[in-house]
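The tour below goes from one selection to the next.

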Amino acid sequence: GDAILKSLVSVNPEVLINCAGVVDSSAQPEDNLTMTRNILEVAHEHNGTLRRVILMGSAASYGLLSSADELPVNEATQLRADSGYALSKKLEDEFADRFAQENDFDVVIARIFNPIGKGMKARFLIPALIRQLNAVQHGQAGEVEVSRLDSERDYIDVRDVARAVRALAEAKTLNHRIYNVGSGLATSNKQLIDAITRSMGLSTTNITLLESSPYKEPRLASCADIRRLTEDTGWKPSLSLETTVEEIVNER
């Protein structure tokens with residue numbers, strides 16, 4: 001708390017954007033909640049020029065969907081996350097929303113779907129697929145393994161995420177407290193692999209695709225309804241999946 005207050009007094013910002021948090025699957029439910037509580041309580045007590053706090057939420061908060069009718073997922077969809085990182089973000093999200101209402105404090109939650117871009121850590125799906133396809137390209141393997149070819153996610157370039165957050169920061173007034181940040185498109189693992197192979201100049205005819213799971217993935221928040229953000233700020237995604245994938249491929 002003291003470190004946060006010191007920074008606020010030193011910088012005296014108009015908008016505070018919190019990008020800090022625990023993002024791995026081992027996150028305890030209280031991890032992100034504790035950080036957010038500290039930030040909001042100190043920010044609310046600070047009597048400087050601060051007019052808005054923007055928090056990085058996550059589509060993981062939605063958890064399992066009740067039916068396909070909830071796709072694309074809008075911000076009013078019930079949050080059903082129940083474990084690990086996803087529950088941690090759900091609790092953070094709910095606390096921030098409640099804190100804002102009770103204290104008449106301008107807090108905005110950007111629920112980010114699946115950000116991708118150059119510099120991704122090796123453990124993420126796209127770098128893992130590139131490694132496997134590199135092995136195929138160099139004759140070290142003939143197969144690419146993925147959990148399910150039909151699993152889908154909404155991938156959004158990190159630069160588009162940054163532009164969305166900037167739009168939320170610069171808006172004088174906002175009609176809502178919670179905004180989805182995604183592409184508005186669901187991309188399957190098969191489509192993702194196809195995009196990577198095209199970027200690498202590979203032919204899919206010589207590649208065997210293996211699924212490690214015989215079971216279809218539970219229904220998750222795999223596609224964002226982004227109309228609210230577009231209507232309130234004018235923001236919309238500007239970078240295609242193909243463009244981002246090609247950049248990730250070219251850096252490796």
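At what angle do helix α1 (residues 2-11) and helix α2 (residues 31-45) pack, and how far apart are their axes? Select both: the angle is about 45°, and the axes are 9 Å apart.

Some ground rules come before the next stop. This is a predicted model, in which local features need pLDDT of at least 70 and side-chain atom pairs count only at pLDDT 80 or more, while totals for chains, interfaces and linings use all residues. Residues are numbered from 1 along each chain as its sequence is written, and side-chain values use heavy atoms, with hydrogens and water left out. Helices (H or I, at least four residues) and strands (E, at least two) are DSSP runs, numbered from the N terminus. Axes are lines fitted to C-alpha atoms, for helices over the stretch in contact, and angles run from 0 to 180 degrees between N-to-C directions.

**Stop 1: α1 and α2**

Stay with this pair. The helices α1 and α2 are oblique to each other; angles under 35 degrees count as roughly parallel, over 145 as roughly antiparallel, 65 to 115 as roughly perpendicular and the rest as oblique. The crossing of α1 past α2 is right-handed, a term used if the near helix is turned clockwise from the far one by less than a right angle. Now show side chains: I4, L5 and L8 of α1 make the contact with N38, I39, V42 and A43 of α2. Contact means heavy atoms within 4.5 Å. Six of these residues are nonpolar, one is polar and none is charged. Here Ala, Val, Leu, Ile, Met, Phe, Trp, Tyr, Cys and Pro count as nonpolar, Asp, Glu, Lys and Arg as charged, and the others, Gly among them, as polar.

**Stop 2: N12**

Next select N12, in the loop between α1 and β1. Its phi is near 50°, a positive value in a residue other than glycine. N12 is partly exposed, with a relative accessible area of 34%. Buried means under 20% relative accessible area, exposed over 50%, and partly exposed in between (1.4 Å probe, protein chains only).

**Stop 3: the sheet**

Now select the strands β1, β2, β3 and β8. In that order, these four strands form an open sheet with parallel pairing. At the edges are β1 (15-18) and β8 (178-181), each of which pairs on one side only. Neighbouring strands of this sheet are turned by 20° against each other on average, direction ignored. Two strands pair if DSSP finds at least two bridges between them. Strands of a sheet pair through backbone hydrogen bonds, either parallel or antiparallel.

Which residue of β2 stands opposite N18? Pick L55. Four bridges join β1 to β2 (residues 52-58). On to β3: six bridges pair β2 with β3 in the parallel sense, and the bridge partner of L55 in β3 is I109.

Colour β3 by burial. Six of its six residues are buried. V107, I109 and R111 point one way, whereas V108, A110 and I112 point the other way. In a regular strand the side chains alternate between the two faces of the sheet.

**Stop 4: two loop residues**

Select L71 and P72, which are joined by a cis peptide bond with omega of about -10°. P72 sits in the loop between β2 and α3 (84-103).

Then go to D104, in the loop between α3 and β3. Phi of D104 is near 50°, a positive value in a residue other than glycine. Is D104 buried or exposed? D104 is exposed, with a relative accessible area of 73%.

**Stop 5**

Select helix α4 (residues 125-137) and helix α6 (residues 189-200), which pack at about 55° with their axes 10 Å apart. This pair is oblique, and α4 passes α6 in a right-handed crossing. Among the contact residues are L129 and L133 of α4 and L192 and I196 of α6. By class, the contact of α4 with α6 has nine nonpolar, four polar and no charged residues.

The crossing of α6 past α8 is right-handed. The contact includes L192, I196 and R198 of α6 and E242, V245 and E246 of α8. Seven nonpolar, one polar and three charged residues make up the contact of α6 with α8.
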